[in-house]
Amino acid sequence: PSPSVSLIGVLRAMSSVLCTLRAIFFSCLAARSQGCLRNPQGSCVLPHDIGDDTPLLQVRRTTLSGAKVDEAGPSWGCGLVGSLPNINADGTASAETQRLIDGIKSSSSFNKATYWNWNLAPQEDGGVPEYLTEDFIFMPEIWGVGPVVEHGTDGLRDAGKANFQDMMGGTSPATMATILLGMNEPDIVGSCMGNMMGKCTAPCSDEAVNSNDCPAAQLNGPPAEPNEWGECNCWQFSHATGVGYWPLDGCAAPQPLPSLWDMSQLSSNCVNIVMDAWKQTALVAHRKGYQYLSTPQVAVSISYARKFIQTACGCDSSGQCACTDASCGCPVYVVFHFYGNDCQPKTNGDYETLTQRLGEVAEIMEAYPFVLGAIINEVGMLNCAGGAICIPDGGKYPASAQPDHGCPSTDELPNGLATFIEEVMGIAMSAKTSDGRYVTKGFSWFNEDEEGGTYNLRLQYDNGTVNKLGEAYITACTKWGEQSMAALARS
């Protein structure tokens, strides 16, 4: 990191009062940051090669808030998962897409929007390239148990650097984040995606394969059925919603991860396998300059993430932990996913569920003060009656019956999904610990069209025009940024 400078020095470097105030705000928040194949393995002591020109590490410290600034950690702000239209390979964007980006990035300590994609770098997804602009921070994720690959095209990129190699043979002008996200949804079995979504909940056993009773799931095509045990070939033409779907070498249970913490004697060897791989990942990440690690990205169970923290950080029954940072594999952000169901968030208690999960994260932050907050990095609405995994179009408001395949205007959602965004972001922004710390540090909308059993959640029309859902996201993210600025002014 760059050497400390005084507030006066920062102010003198600015050219206008408006720019000065904005720079101070983001500099102070950023200072808090100091101190593919989707298989079960996630394939497809000092940082090295980190220079003074590293954008996210070149942070000017100030003495405005003393230790409180460093302890709070960065707020990653609003982000997206799902490709954006009208961004070119050189990182230039259309005026309308840039307006969306500008509208959400003010919520971040870094004045950048976040983006992630279940992989280590931008890639092509379904034939659509994930081009980003310089206004993005890319958050890499190790999808499986690991360990993460260190070198090569499929390897982890250096943290905090712009113009990194993407997975399409080019260079992305975005900046690589200084946080590595943990494995995807190990707390539930999940489903094979595509035409057996919600029906195929396990890979085929050897017996099923040998008896030719292993139907292949397809990402596209007419609905199909698994075998009588709910098994299918999910590895050839499709993929699973999360790593909890798969077996893991060395673990006795056929799908061991969802019950990893449930049967200590039977699963202790499996816990060791998972944690050994995680420790190896942490070492690679530390060498690459990553300052933060997250818990596994849980679908429903915050307690799963808490137990992972306790194990990875070596915490005893009194709450004392052997290590509390990335160097030893200790996660300091709790990551979870949140979806409403069937366009009925009040009837189904979805808002209460989000409030409860944030409350559980607050309890973790209070028990373990080194935990900096929650990142809710998949938020959307599922096209089914209930549950994290279900058969699409099975609810009261099937997407296929709606003109735009989104949520209709109802008493619960007067403005459709735009109302949902307003409500969930209001809940996320207001959550605090008992000692007044904000809980939510990141929020990513699931910007996809009926992927993984969702409704059409896109923020833009096909021509790139921001729709009313996108406008609602801009408004909510802008409000979040204003709240953060006001909180900083009071500190």
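Q: Buried means under 20% relative accessible area, exposed over 50% and partly exposed in between (1.4 Å probe, protein chains only); why does N447 count as buried?
A: N447 has a relative accessibility of 1%, and the limit for buried is under 20%, so N447 is buried. The model is predicted, with local features needing pLDDT of at least 70 and side-chain atom pairs pLDDT 80 or more, while totals for chains, interfaces and linings use all residues. Residues are numbered from 1 along each chain as its sequence is written, and side-chain values use heavy atoms, without hydrogens and water.

Q: Where is N447 found, and which residues does N447 touch?
A: N447 sits in the loop between β14 (440-446) and α10 (468-490); helices (H or I, at least four residues) and strands (E, at least two) are DSSP runs, numbered from the N terminus. Contact means heavy atoms within 4.5 Å. Leaving aside residues up to four places away in sequence, N447 touches L80, V81, G82, S83, L84, L457, R458 and L459. The N447 side chain also reaches the backbone nitrogen of L459 at 2.8 Å.

Q: Why is the link of C192 and C234 called a disulfide?
A: A disulfide is a pair of cysteine sulfur atoms within 2.5 Å. The sulfur atoms of C192 and C234 are 2.2 Å apart, and the two form a disulfide. The pair links distant parts of the chain, 42 residues apart: C192 is in the loop between β8 (179-180) and β9 (202-203), and C234 in the loop between β10 (231-232) and α6 (264-287). Both C192 and C234 are buried. The link is right-handed, with 100° about the S-S bond.

Q: How many disulfides does this rule give?
A: The count comes to 10. One of these joins C204 and C214, with sulfur atoms 2.1 Å apart. C204 lies in the loop between β9 and α5 (206-210) and C214 in the loop between α5 and β10, so parts 10 residues apart in sequence are tied together.

Q: Why is the disulfide of C251 and C270 right-handed?
A: The torsion about the S-S bond of C251 and C270 is about 90°, so this disulfide is right-handed. C251 lies in the loop between β10 and α6 and C270 in helix α6, so parts 19 residues apart in sequence are tied together. C251 at 12% counts as buried, and so does C270 at 4%.

Q: How do you know that β5 and β7 pair?
A: Two strands pair if DSSP finds at least two bridges between them. There are 2 bridges joining β5 (residues 136-138) to β7 (residues 171-176), and these strands run parallel. F138 has M176 in β7 as its bridge partner.

Q: Why is one side of β6 and of β12 left without a neighbour in the sheet?
A: The open sheet has 8 strands in the order β6-β7-β5-β2-β1-β14-β13-β12, with mixed pairing. β6 (162-165) and β12 (333-341) stand at the edges and each has a single partner strand, so one side of each has no neighbour in the sheet.

Key
A polar contact is a pair of N or O atoms within 3.5 Å; within protein, one must be able to donate a hydrogen and the other to accept it, and residues adjacent in sequence count only if both atoms are side-chain atoms.
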